[in-house]
Amino acid sequence: MRTIHAISQDPYFNLAWEEYIFKHIHKDEDIFLLWQNVPSIVLGRNQNVFEEVYLDYIVKNHIPLIRRNSGGGTVYHDLGNINFSFMTSAKGTINNYKLMTEKITKALNKLGIPVEFIEKSDLKINGLKVSGNSQFVFKDKLLHHGTLLFNSNLDTLNSVIKPKHDAIDSIGVKSNRSLVTNLKDYTTLSIEEMKSYLLKEISGESEVLELSSKDIKKIEMLKEERYLSFNWNYGQSPKSTIIKSLGDYSIKLTVSFGHVEDCIIMHNDTVALSLSSSLVGERLFPTDLSFLKKKAPEVYQMLFE
């Protein structure tokens, strides 16, 4: 099993880097990657961002949000988290999450860390989640990737990802919320030592593949065209209806391709026509609708906080 060394901690670049390697570099021999991102939110392919994330918080704290190609739930990345990727053409691996996490589980168990595979796609220690996993199929190949919470900021994780609620009606895949823990509480290794250990255990002494300058340029293009795009990260959210009330206000909005398609805002049981019409056609994003902070802070709060 070969590997390619990560060269960036930019989440936009890394999602493009992983996709490019999977589609254009991976051939017959399996590839294993380890990589890290600066603080960021990574959304499942079929998820509705407006159901999953506190948008006001991520804008205020300059936390990037990126949609990935694979399914599954929303995850928080930071430099206390290790991301791993397996790329293979082996038969019988699709939807076989236990098989695809087996090497990670065995490597951690070897260190005395009591990680075990639980449910469909999680790795847990004493019922606490340390790894979420998802998969993406392209042609006859499988990309399986997951997280390993090592020393992640769990307070920030809980501040950016919404708890499960029913105020938004959409067909988007909902995240399964789990109590989490960090691997650092179960090992004396540092995060760098853990990364080195996992690379050696899983990829062994195999030759390290190198990307050319031409490859890097293509990855940068993919980053610009897809992973930095509002249309990809937000506009790909399934069409949805948001119904909420707070104080003297109630709202009903239809969101399509990340924009407000229809909007009815009630204030003291009366339709606020001017306010309602001012949202139609706008992107449902905090900076685009910042005027609501002064005009109708309750509406802003319902939408973004």
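Ser40 stands opposite His77 in strand S5. That pairing belongs to strand S3, residues 40-43, which is joined to S5 by 3 bridges and runs antiparallel to S5. A word on terms. Strands are DSSP runs of E, at least two residues, and helices are runs of H or I, at least four, numbered from the N terminus. Two strands pair if DSSP finds at least two bridges between them.

Before I go on, the ground rules. This is a predicted model, where local features need pLDDT of at least 70, side-chain atom pairs count only at pLDDT 80 or more, and totals for chains, interfaces and linings use all residues. Residues are numbered from 1 along each chain as its sequence is written, and side-chain values use heavy atoms, with hydrogens and water left out.

Back to S3. Ile41 has Tyr76 as its bridge partner in S5. On the S4 side, S3 and S4 run parallel, joined by 3 bridges. There, Leu43 has Arg67 as its bridge partner.

For angles, axes are lines fitted to C-alpha atoms, for helices over the stretch in contact, and values run from 0 to 180 degrees between N-to-C directions.

Which residues of S3 are buried on each side? Ser40 and Val42 on one side, Ile41 and Leu43 on the other. Both faces of S3 are covered. Buried means under 20% relative accessible area, exposed over 50%, and partly exposed in between, with a 1.4 Å probe and protein chains only.

Next, the sheet of 7 strands. It is open, with the order S1-S2-S6-S10-S9-S8-S7 and mixed pairing. Strand S1 (2-3) and strand S7 (116-118) are at the edges; each has a single partner strand, so one side of each is left without a neighbour in the sheet. Inside the order, strand S6 (residues 81-88) and S10 run antiparallel, joined by 8 bridges. Thr88 has Leu142 as its bridge partner in S10.

Helices pack here too. Helix H7 (residues 191-203) touches S1, S2, S6 and S10, and its direction makes about 180 degrees with that of S2. Helix H5 (residues 102-110) lies across strand S2 (31-35), S6, strand S8 (122-125) and S10, at about 135 degrees to S6. Contact means heavy atoms within 4.5 Å.

Now the hairpins. Strand S13 (residues 249-256) and strand S14 (residues 259-267) pair in the antiparallel sense over 8 bridges. Ile251 stands opposite Ile265 in S14. This hairpin has 2 residues between the strands, and Phe257 takes a positive phi near 55 degrees.

Ser256 lies in S13. Is Ser256 buried or exposed? Buried, at 13% relative accessibility. Leaving out residues up to four places away in sequence, Ser256 touches Lys239 and Glu261.

S14 also pairs with strand S15 (residues 270-271), antiparallel, through 2 bridges. Met266 has Val271 as its bridge partner in S15. S14 and S15 form a hairpin with 2 residues between them, and Asn268 in the turn has a positive phi of about 50 degrees.

Then comes helix H10 (residues 273-279), which includes Leu273. Leu273 is exposed, at a relative accessible area of 64%. Its C-alpha atom is separated by 21 Å from that of Pro286, 13 residues apart along the chain.

Last, cavities. A cavity is a set of points, on a 1 Å grid over the protein atoms alone, where a 1.4 Å probe fits but cannot get out; lining residues have an atom within 4 Å of a point. The count comes to 2 cavities of 30 Å³ or more.

Lining residues of the second largest cavity include Leu15, Phe22, Arg68, His145 and Tyr227. Helix H1 (11-25) and strand S10 (141-149) each give two or more residues to this lining. H1 gives the most, with 4 residues.

Notes:
1 Å grid on protein atoms, 1.4 Å probe; cavity = no way out; pocket = protein on both sides within 12 Å on 5 of 7 lines; lining within 4 Å. Points joined across faces, edges and corners; volume = space filled by probe spheres on them.
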